[in-house]
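This report describes a structure in words, moving from the whole chain to the relation between the copies and then to two single residues. Please keep the sequence and the 3D view at hand while reading.

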Protein chains: 2
Amino acid sequence: MDAQEFRARGREMVDYVADYLETIGTRTPLPSVLPGYLRELIPDEAPLNGESWEEVKKDIDRVIMPGVTHWHSPQFHAYFPTSSSYPAILGDMLSDGIGCIGFTWVTSPACTELEVSMMDWLAKMLNLPQEFLFSGGGKGGGVIQGTASEATLVALLSARTTMINKLKKDNPQMTQGQIVDKLVAYCSEEAHSSVVRASLIGMVQMKSLPTDDKGSLRGSELESAIIKDKEQGLIPFFLCATVGTTSTCGTDNLLELGPICECNKHDIWMHVDAAYAGSAFICPEFRPLLDGVEHSMSFNFNPHKWLQVTFDCSALWVKDSGLVSGAFELNPVYLNHDNQGQAMPDYRHWQIPLGRRFRSLKLWFVLRMFGVTGLQEQIRKDVSLAHQFEDLVKSDDRFEIVRPVTFGLVCFRLKGTNEINETLTKKINDDRRIHLTPSKVKDTFFLRFAVCATKTQVSDVKFAWTVIQELTDSLLSSPK
Amino acid sequence: MDAQEFRARGREMVDYVADYLETIGTRTPLPSVLPGYLRELIPDEAPLNGESWEEVKKDIDRVIMPGVTHWHSPQFHAYFPTSSSYPAILGDMLSDGIGCIGFTWVTSPACTELEVSMMDWLAKMLNLPQEFLFSGGGKGGGVIQGTASEATLVALLSARTTMINKLKKDNPQMTQGQIVDKLVAYCSEEAHSSVVRASLIGMVQMKSLPTDDKGSLRGSELESAIIKDKEQGLIPFFLCATVGTTSTCGTDNLLELGPICECNKHDIWMHVDAAYAGSAFICPEFRPLLDGVEHSMSFNFNPHKWLQVTFDCSALWVKDSGLVSGAFELNPVYLNHDNQGQAMPDYRHWQIPLGRRFRSLKLWFVLRMFGVTGLQEQIRKDVSLAHQFEDLVKSDDRFEIVRPVTFGLVCFRLKGTNEINETLTKKINDDRRIHLTPSKVKDTFFLRFAVCATKTQVSDVKFAWTVIQELTDSLLSSPK
């Protein structure tokens with residue numbers, strides 16, 4: 001395919017994407033294929049000679065679309081939203097066109113420097129403490145990771161190395177193994193599975209601490225765990241606090257937890273994971289829920305979840321970038337350059353992979369074309385829709401709301417057993433008109449209704465509730 | 001931006017990308033900006049209200065392009081190539097348009113299933129052992145990772161968990177720390193820095209073993225290291241063998257190393273990292289260099305380096321996917337689905353991040369539109385260009401070739417000191433007409449000439465050599 005053909009095919013693809021997104025409401029959000037469907041539709045091996053674009057293009061509808069789960073359908077209410085917007089797609093197109101690999105400053109200065117500026121822009125939008133900004137004058141700064149899982153892992157590994165280095169300085173005879181056997185990290189029992197996974201990768205013990213009845217990890221729980229663990233000779237070094245948990249959007253109490261962790265008291269690195277909820281803090285009315293973040297060493301949220309940026313774009317800030325880059329910095333000759341260690345970061349030291357795409361372009365396009373007010377509008381609209389759904393649930397005596405609704409997620413259930421709620425979940429998803437996912441907290445199984453797609457309107461929320469009521473009627477009236 | 005505006009702006013962006021790539025040869029490959037250049041060109045914070053596309057678009061040329069390193073310039077000869085092609089860009093556009101997050105099968109069956117099929121297609125193109133294929137009937141299969149760094153880390157962590165589980169079964173009293181203190185991994189002294197970095201993350205000792213004079217790690221070196229380490233009570237568990245090292249494209253001797261590692265003898269997981277060179281094995285004439293891969297537990301190469309797939313797309317195969325997914329599998333209720341554990345993998349267990357893009361689309365487009373022969377042609381052209389450059393170097397008595405040329409990389413140097421070669425490297429890059437990067441092996445500093453851009457022609461190779469000769473004349477004639 002030469003440039004001339006690309007000009008034509010690129011236009012076709014732009015139209016295909018626009019058509020798809022304009023008509024997405026006409027598709028059922030969850031496909032009906034069974035595992036293995038696709039293998040039957042394509043050859044067993046790659047063609048020897050190139051095929052034409054016409055042949056390839058017609059297979060998008062024949063092979064791919066029947067098996068796509070439509071995350072941007074207004075009837076999709078599962079998990080959390082994944083963002084997407086036309087400006088972000090344009091940014092990714094430019095990123096692909098440039099096709100640079102910005103692992104050090106010199107490998108594409110614009111790639112590093114736009115990211116530096118965008119992370120400062122974003123930090124200011126969230127009113128993060130100055131220490132997290134490149135322009136804050138200290139060692140702080142932000143970096144785009146692929147996912148919150150990676151951000152948590154980077155934070156945990158940085159904390160681990162920091163603590164190991166400290167302990168080895170005081171106890172040079174201790175081996176790494178002796179140290180990791182004593183290291184202990186904490187999170188709330190409602191933290192995302194990726195937090196526990198990070199501890200398995202990092203080979204440290206992660207203790208899941210109980211939350212209060214609002215799903216919040218409180219200071220007293222952390223403090224008593226620390227005291228108990230220290231009495232047993234363990235070394236607490238890390239807390240992953242969550243603001244907006246996956247199951248219920250619960251929020252750990254940063255104002256209580258932070259001071260307990262801060263270095264001068266217990267030497268514990270507090271990482272704040274606000275993967276979904278973080279975007280809401282560009283609205284002043286939500287920002288108080290992030291108070292206490294000033295006590296954290298690192299903070300992460302995903303613009304690709306709720307800030308109109310197409311996946312992947314996970315924003316991580318740290319107060320002391322030296323503790324991150326210093327954790328695993330290696331400098332072979334083939335990666336060195338004249339300007340390293342100067343005014344701009346070499347982001348390869350801030351992440352697990354070496355290579356990196358020019359992801360800040362899509363962030364730049366989104367922030368400029370929506371503006372702060374445009375992004376705030378979307379957040380407020382989604383939260384308002386969640387409250388409207390909450391009202392519908394409350395208006396039906398058969399149901400109960402599981403946790404207070406704060407952001408764009410409503411946790412609800414049929415009053416009664418877990419089993420009946422499991423059956424209802426299955427009925428809803430088997431029905432295919434809407435899609436949602438359940439969760440379970442403190443042995444209570446419930447349904448999660450997340451306002452996901454940008455296009456979701458009041459009518460979609462009402463439609464979803466009509467479907468749920470209809471299937472509930474059928475469930476409750478059917479013989480056991 | 002609504003769909004109608006996207007149709008127009010998307011076309012503009014398609015043309016912008018086509019224009020950029022058509023005229024890339026007119027730009028110097030390395031920009032001349034200094035660190036901090038970009039911050040001066042944009043505001044300190046995000047705009048309150050959205051801006052128009054016209055305002056954003058004009059800043060691409062004003063703000064971004066002056067700081068871009070042009071990896072697809074035919075005068076770019078640094079590092080290794082990063083691939084890009086129009087079919088791959090179209091695939092990414094579709095991936096962004098669909099915008100699904102395929103972490104489990106149900107979150108977009110097409111996303112998982114196309115990847116399963118494409119990994120089998122690719123495996124067949126490279127003539128990998130049946131055990132690596134999903135269709136091989138065993139536990140094998142492939143997955144797209146972001147980078148080779150992640151692939152190496154996933155392999156090392158899987159090997160670590162496998163060995164820890166085994167040791168704990170036999171010695172239930174051993175702590176994790178006692179085990180990791182004894183674990184030892186190996187690589188060649190010329191392995192990529194990301195291999196050592198993986199060991200730091202994984203908290204295991206990584207020993208860099210000496211290579212022979214062709215840059216190859218030999219079986220005898222590994223065997224004596226294993227024997228010595230076992231005598232000291234250490235537990236060897238992992239070897240990362242490299243096929244096509246970053247510095248010189250050296251190739252470890254898999255046929256010697258493999259049998260030493262295989263489970264029934266020493267319980268060592270051999271991972272083969274062929275990040276760059278792997279693509280060449282779609283050509284039968286290069287495939288013998290991969291012989292011995294059948295002894296490995298995992299194999300990785302980057303289609304985003306040399307197979308026309310735009311970054312990121314790193315292909316990892318494993319013989320026993322249970323050892324990978326089993327290493328860190330966690331199954332919270334909110335990620336469960338009815339079809340898990342069945343015919344199709346839940347790829348979230350195969351990688352570090354949770355979320356994942358629909359990357360197999362670009363691979364599918366590339367394999368179909370180039371066909372195997374089209375991709376072979378590009379490989380052969382690049383290797384031929386490298387040999388032509390080698391001939392030019394050999395024709396000038398002042399220079400020497402450092403290592404035999406096998407793929408698309410030529411390692412060369414001025415006969416003489418490291419210092420004069422460092423000076424020459426700096427002169428070449430300061431001159432800006434071409435860009436290349438150096439390396440250092442066994443205390444010998446040398447220059448690396450990599451054939452990178454798809455567009456590179458004989459005339460570009462000759463041009464590069466003319467520039468190098470000219471700058472050498474000037475260097476050698478200037479007063480010390």
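## Overall build of chain A

In this predicted model, the secondary structure of chain A comprises 15 helices and 12 strands. The C-alpha trace of the chain spans about 65 × 65 × 45 Å along its principal axes, and the radius of gyration of chain A is 24 Å, which agrees with the value near 23 Å that a compact globule of 480 residues would have.

Among the contacts of chain A that join residues at least 6 apart in sequence, 73% link residues at least 24 apart. Of the 480 residues in the chain, 67% count as buried.

## Surface and charge

Chain A exposes about 15600 Å², and carbon and sulfur atoms supply 50% of this area. The chain carries 48 positive and 59 negative side chains, with the centres of these two sets lying 2 Å apart.

## How the two copies are related

Two copies of a chain are related, in general, by a rotation about an axis together with a shift along that axis.

The same surface serves both copies, since 99% of the contact residues of chain A recur in chain B.

## Leu126 in chain A

Leu126(A) is placed in the loop between α4 (109–125) and β2 (141–145) of chain A. Its relative accessibility is 0%, so Leu126(A) counts as buried, the cut-off for that class being under 20%.

Leaving aside residues up to four places away in sequence, Leu126(A) touches Gly278(A), Phe281(A), Ile282(A), Arg287(A), Phe299(A) and Phe301(A). Leu126(A) and Pro284(A) are 158 residues apart in sequence, while their C-alpha atoms are 8.6 Å apart in space.

## Ser279 in chain B

In chain B, Ser279(B) is found in the loop between β6 (269–273) and β7 (298–301). Is this residue, Ser279(B), buried or exposed? With a relative accessibility of 0%, Ser279(B) counts as buried.

When residues up to four places away in sequence are not counted, Ser279(B) touches Phe301(B), Asn302(B), Pro303(B), Trp306(B), Leu307(B) and Ile379(B).

Notes. Residues numbered from 1 in each chain as written. Chains lettered and ligands numbered in written order. Predicted model: local features only at pLDDT ≥ 70, side-chain atom pairs only at ≥ 80, totals over all residues. Heavy atoms only, no water. Helix = DSSP H or I, 4+ residues; strand = E, 2+ residues; numbered from the N terminus. Rg over C-alpha atoms; globule rule 2.2 N^0.38 Å. Buried < 20%, exposed > 50% of the residue type's maximum accessible area, 1.4 Å probe, protein only. Contact = heavy atoms within 4.5 Å. Areas by Shrake-Rupley, 256 points an atom, 1.4 Å probe, with all protein chains shown as cover. Lys, Arg positive; Asp, Glu negative; His and termini not counted. Charge placed at Lys NZ, Arg CZ, Asp CG, Glu CD.
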